[in-house]
Every structure is written in structure tokens, then in C-alpha cells.
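Me: I am new to this structure and would like to go through it step by step. Could you take my questions in turn?

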Amino acid sequence: MFANPEFKVNPYPAYRRLRENAPIHWTDSFGGAWLLPRYADVVKAMRDPRLSARRSYLLVDRLPREDRKELAQLNRIVGNWISFLDPPEHSRLRKPLETVFTPAALKTMRPCIEKIADSLLDKMQEKGEMEFMHDFAYPFPSLVLANVLGIPTKDLDRFIAWSDDFVSFQAPKPTLEVATRAQNSLIAITEYFKALLAERHQEQHNIFCLLKDFEDEEGELPLEAILAQFTMLIIVGQETTRYFLGNAVLALLQHPQQWEILKRDPSLAPNAVQELLRYESSVQSSIRLITEEFVLHGRTLKPGQFVISLIGSANRDPAKFTNPEILDITRSQPPHIAFGYGAHFCLGAALAHMESEIALNCLLNRMPNLKLASDTPDWNLEISLRGLNRLPVAC
Ligand code: HEM
């Protein structure tokens, strides 16, 4: 199923079949894993302590055994990311980061994010056309994240290149050369933030002193673990939002009546973002390692096997959402799980939401007659991170 090009272009019919046939399925893909397609099971799995987030080694295990020893530093850095940790280590490192990403803390950033969106559109408006991914979706989250993390604009290109190296490594079947480049970039990010951390430590109220000065009953946080979180934020904070913005604009332009509704009533933008996250999110699945044997829907799940929660399928489960295949930005809805659920709920959810809302409002104001310039969406054909390579539009 996953290798099928049709699935990669449009996974939703396959998700429907999975949901309708059974609540759990075995797949030999991904080295063997259990698939959960229904909303109720996905939500339970994301809170199940028998399912561990410690799966960072899977990245390097995709390479031949003899190459893996070259990638020890990559393994070590990624192994410290909160997304790959369980409590209590996970909670300890996540806590200080949360304070930076609350809606209240981000509120002061709004005018600056609006300015970034506007300045990107300024460049395009004259031309009357744009390739939305390249011209907006790609640079926008990078510029925003650089602002949130306090990265000087002069370093932005480096910061995007480092993230791109890791994204290339995440694609299926990476070579040792690609993996080594990703490792070198992670080391470069670490060194970069080590210097920035030393430089900015005296300043008040920034992410650096927040992390460096954080202390709990166990004392200060280890510097190595703090630096690892920066490598993680730089990667996950760009690609997820970039792809979601493309998916959101494509979905709206494929449903012009929804675009018109939003144009008439821009106050619907926050609701529209929620509905678009439900309908066509960038993060389609979440994987966990089984740590103890248990039975689920009559199937025995064994330690060492994996569970893949199909978020994209759960968000279109008719047991949870009325007419789930319909995009309706006025929907008053039960909560989608595009940002996950439980302890690993997306740390950047409020930021991603604010960025998306600002981007939509800006597009509606500045380019109310936006139209698709191609009938065939150019999907990236990735399974867990769904997004477009290109999205040409006329504005
Ligand atoms: C539309 C954009 C985004 C989507 C759809 C998204 C989705 C998700 C999902 C589904 C998870 C949970 C994964 C799991 O449980 O396996 C997650 C976790 C995470 N996200 Fe996002 N995300 C987005 C944007 C962002 C941004 C902008 C940032 C940072 C600036 C961010 C940082 C994180 C982090 C650090 C985690 C791990 C949290 C933890 O393990 O405690 N995300 N995201």
C-alpha cells in the first residue's frame, strides 16, 4: 500500500478501506509495524505508556550495518531530542521549552510575523504569479523561526541549509554521503548555538537564558541536551509548517467556494486553519516502539515491534467527524489530532497556528483573486510528511 504511487498522491481512499476493514493491521513496510487507522485508537496509543517514543536509532538503522558506526554523533544528538524521549527525561527537557511557545509568549511576535508575510508577498505581487512553495511557504516559517530563536538574519541561509541537509537524510534510502552531510549539519548547528548561548546568556527573557538558567530538583539541564533541542527545533519547525501552508492553500484553491467564504469573513481564519489541519495536514503519521506485550483488538503486539498511528486517517474518521471528506471552514468541530495528542503534543502548535492564520489573512488581503496555475498537484510522495514540491499560482 505505502509503495503504491497512487497512495502517495492521495492516501485517503486507502485510509478509508483500512478504517472500514479492521481497527488494526499488520504491514511488512517500515521493517514490520501495526497500523492504527481509527481516531479512538490513535488517541489511546498516543497516551499508552507501553508505547515508547525512543526510536531515534531507526534513522541510522536504515543504512547498512558497516556504515552506522560513522554516524555515532548523529545518533547521540538525535537521541537527546524530546520527540524521541519518554518521561521523566522528556518532561524535564520539554518544560522550559514550553514557556517559549505558549500563545501568550508568542503574542508579542504577531506584528513581526505579519511584517515577514507582507514583505514576502510584496516581492510577488508585481509579477502577477508565484510558485507558492518556493516564494512563500519555504522562506516564511524559516524567517519566523529565526526570529523566535533569536538567530541573526545574516545567518539565515546557513540555518536553512543545515535543515535541508537533515530533510534530505530523512527521505527513503539515504546514502552514507547524505547521512554524513546531515551529521555534519547537526554538529554545525550545535556549535553555532553553543556560541550564541555563551554570547546571549546575559540578555534577559530569551530562549537561551531560559534554558541555561533552568533548574529543577535535579539541578541544571545538561548543556548537550539543551543544544540538541535547538537542532530539533530548526528541523521540525520549518518543514512541517512549510508543507502545511502549501497543503492549506492548495485545498482552499481546489474549493473556491471555501476561499470565497473566507474572503467575505476573514474572522473565520482561525477556524479555517483548524479545519485545514484536519483535512490535509503535513504530518500524516506517528510511530512508537512497543515495550511490553499486550493484546489490542484481538492481535498480540510484541516488544520490539512498532505501532504507526495514522493521524491523516484518524482526522477523517466518520466515527468522530460528520462528513469528514468534506472541507468546511465553518465547521464547529471536535478537536483534530494534526498536532498529536498527550505528552508529545506538538510543542510548536500555537506558533504553527498563528503563522498559518497570518499567512492566510495576508494572502486574502493582498491576493484575493489567487488561482491555481496548474491542475496537477506536484506531491512530494513522502509517506509521513505530506506536502507539495511546487504550487504555481496566479495572483
Ligand atoms: C503545521 C505545522 C505542524 C504540524 C502539523 C506539526 C505536527 C506535530 C505532531 C503530529 C507532533 C507529534 C508527533 C508524535 O507524537 O509522534 C509534533 C510534535 C512536535 N512538534 Fe510539531 N507540528 C507543526 C509545527 C511545529 C513547529 C512550528 C514547531 C517548532 C517551532 C514544532 C515542534 C514540535 C516538537 C518539538 C515536537 C515534539 C514534542 C514532544 O515530543 O514533546 N512543530 N508536531
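Reply: Two strands are said to pair if DSSP finds at least two bridges between them. Please keep in mind that this is a predicted model.

Me: Which residue stands opposite leucine 51?

Reply: Strand β3, residues 51-52, pairs with β7 in the antiparallel sense over two bridges. Within this pairing, the residue of β7 that stands opposite leucine 51 is isoleucine 290.

Me: Which residue of β10 stands opposite serine 286?

Reply: Strand β10, which covers residues 306-310, runs antiparallel to β7, and five bridges join them. In β10, the residue opposite serine 286 is serine 309.

Me: Is strand β7 largely enclosed or largely open, judging by its buried residues?

Reply: A residue counts as buried if 20 or more other C-beta atoms lie within 10 Å of its own. Strand β7 spans residues 285-290, and five of its six residues are buried, so the strand is largely enclosed by the rest of the structure.

Me: Which element gives the most residues to the shell around the ligand?

Reply: There are 26 residues around the ligand, and among those that come nearest are Gly237 and Ser286. The elements that give two or more residues to this shell are α15 (223-254) and α19 (349-366). With seven residues, the element that gives the most is α15.

Me: How far apart are the end C-alpha atoms of α15?

Reply: At 1.5 Å a residue, the 32 residues of α15 should span 46 Å.

Technical notes: Residues are numbered from 1 along each chain as its sequence is written. This is a predicted model: local features need pLDDT of at least 70, side-chain atom pairs count only at pLDDT 80 or more; totals for chains, interfaces and linings use all residues. A residue is near a molecule or strand if its C-beta atom, placed from the backbone, lies within 6 Å of it. Helices (H or I, at least four residues) and strands (E, at least two) are DSSP runs, numbered from the N terminus. The expected span of a helix is 1.5 Å times one less than its number of residues. A residue is buried if 20 or more other C-beta atoms lie within 10 Å of its own, exposed if 12 or fewer, and partly exposed in between; C-beta atoms are placed from the backbone.
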